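Hello,

I'm passing a structure on to you, and I'd like to walk you through what turned up in it. Please open it first and read the notes below alongside it.

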Amino acid sequence: MEAYQRISSDHETKDGQLKKKKRVRAPSEKPPFTLATLKKAIPAHCFHRSLPRSLAYLVYDLSVCSTLFYIAKTYIPILPSPLNYVAWPLYWFIQGAFMTGIWVIGHECGHHAFSEYAWVDNIVGLVLHSALMTPFFAWKYSHRRHHSNTGSLTHDEVYLPRFKDTVPWYSKHLNNPVGRVIRIVSMLFLAFPLYLLFNASSQKHDRFANHYDPYSPIFTDRERLQVVFSDAGIFTALYVFYSVSKAHGFVWFFCTYLAPLLVVFALFIIITYLHHTNPTLPHYDNSEWEWFRGALSTIDLDFGWLNRVLHHVTNTHICHHLISTIPHYHALEATEAIKPILGDYYQIDSTPIHKMLYRAAKECIYAEPDQDSKDQGVYWYRPYKHKI
């Protein structure tokens, strides 16, 4: 297979012209290295979780968000029209990006990567995710199952590819530029709430499942009490939201907090969807899947300056799936350490975000094996090539 580490929408030729670059699939065969080999290549300090350092990143993010909030509520309302109509969306995006960084820190708490103390991670994660309308423990446990079954067509928790015969009838009517944009926009703002409320785009169960019912089939008996704590966190946050909205008005609350929160939901979906939905990534049925191959069937993303704001959750995702307890401030170094060993198994997509989303909506419709391949348990995304 041709050496391939970076997916890009184009590259520059000798004469300065931009030329489309052929995408090459990630390897799907069993890797010639082990997880132990990768761990040995990572400097020992990368595995250390420092509570003071983690808190410092959290305090920084909270300080930035507080400053942005103060500027928005104090100065944007007094801006003359139409400047205020420009300032609000700009605030929503920037504030939402930094709030997503806080969500990422809560995500680290769920992986026990925030500190050496599980109780600290649980308390911090519960507070942060509750404020961002995410049921911490419920999401922690379902997300853990995603990490345990990544790339499995039958057991992965999220972003399961459809099979050709399960593509919805209405999908063919959205197989056009306008339809794809509609799908993308609706996914960005509805997918995460629908996943939490109805387990949408996840595993099918024999009865109704969601992330708020402690007796949902998503959870085991040992996890149910903590799901109740998650619910308590969400209800507390909703009560605070109601009180603030009642005191200052819904429009004020929407402009200062709810709109940035919608940006958090959208960025969360963009990141996770693109990490696992790419024409170059394999999925496996039960005859081929094993944890190590599944953990490698993901891709890093280059979001430019947003990488730093999002604590590099974008461009260290392969390493994160291999060793999820490495904190974000060591993840880049750990990624660089294992890249020479990963070789072709390491991929990073530097295509602009909007192009990645559109490509996934166009080319990742259903999954099936290659007809002429001996590996019929390895599935690849397909676009619409004919009427389904």
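A word on terms before we start: helices here are DSSP runs of H or I with at least four residues, strands are runs of E with at least two, and both are numbered from the N terminus. Please also keep in mind that this is a predicted model.

With those terms, take residues 118-139: this span is 82% helix and 0% strand, and its end C-alpha atoms lie 16 Å apart. Residues 181-198 are 100% helix and 0% strand, with 23 Å between the end C-alpha atoms. The unreviewed UniProt entry also places a "domain: Fatty acid desaturase" feature at residues 87-346. That span is 60% helix and 2% strand, and 40 Å separates its end C-alpha atoms.

Two helix pairs are worth a look. How do α3 and α5 pack? Helix α3 (residues 83-110) meets helix α5 (residues 136-148) at an angle of about 65°, and their axes are 10 Å apart. Since angles of 65 to 115 degrees count as roughly perpendicular, α3 is roughly perpendicular to α5. Their crossing is right-handed. On the α3 side the contact uses W103, G106, H107, C109 and G110, while α5 brings F136, W139, K140 and H143. By class, these residues are four nonpolar, four polar and one charged.

The other pair is helix α6 (residues 177-198) with helix α13 (residues 353-363), packed at about 110° with axes 10 Å apart. These two are therefore roughly perpendicular as well, and α6 passes α13 in a right-handed crossing. P177, R180, R183, I184 and M187 of α6 touch L357, Y358, A361 and K362 of α13. This contact has six nonpolar residues, three charged ones and no polar ones.

Finally, the strands. There is an open sheet of three strands in the order β4-β8-β7, paired antiparallel. Which strands stand at its edges? They are β4 (283-284) and β7 (366-368); each has a single partner strand, so one side of each lacks a neighbour in the sheet. Strand β8 (residues 378-382) pairs with β7 in the antiparallel sense over three bridges. To find the pairing in the model, look for E368, whose bridge partner in β8 is W380.

Definitions and conventions
Residues are numbered from 1 along each chain as its sequence is written. This is a predicted model: local features need pLDDT of at least 70, side-chain atom pairs count only at pLDDT 80 or more; totals for chains, interfaces and linings use all residues. Side-chain values use heavy atoms; hydrogens and water are left out. Axes are lines fitted to C-alpha atoms, for helices over the stretch in contact, and angles run from 0 to 180 degrees between N-to-C directions. Angles under 35 degrees count as roughly parallel, over 145 as roughly antiparallel, 65 to 115 as roughly perpendicular and the rest as oblique. A crossing is left-handed if the near helix is turned anticlockwise from the far one by less than a right angle, and right-handed if clockwise. Contact means heavy atoms within 4.5 Å. Ala, Val, Leu, Ile, Met, Phe, Trp, Tyr, Cys and Pro count as nonpolar, Asp, Glu, Lys and Arg as charged, and the others, Gly among them, as polar. UniProt positions are given in the numbering used here, feature names are shortened, and annotations may be inferred rather than shown by experiment. Two strands pair if DSSP finds at least two bridges between them.
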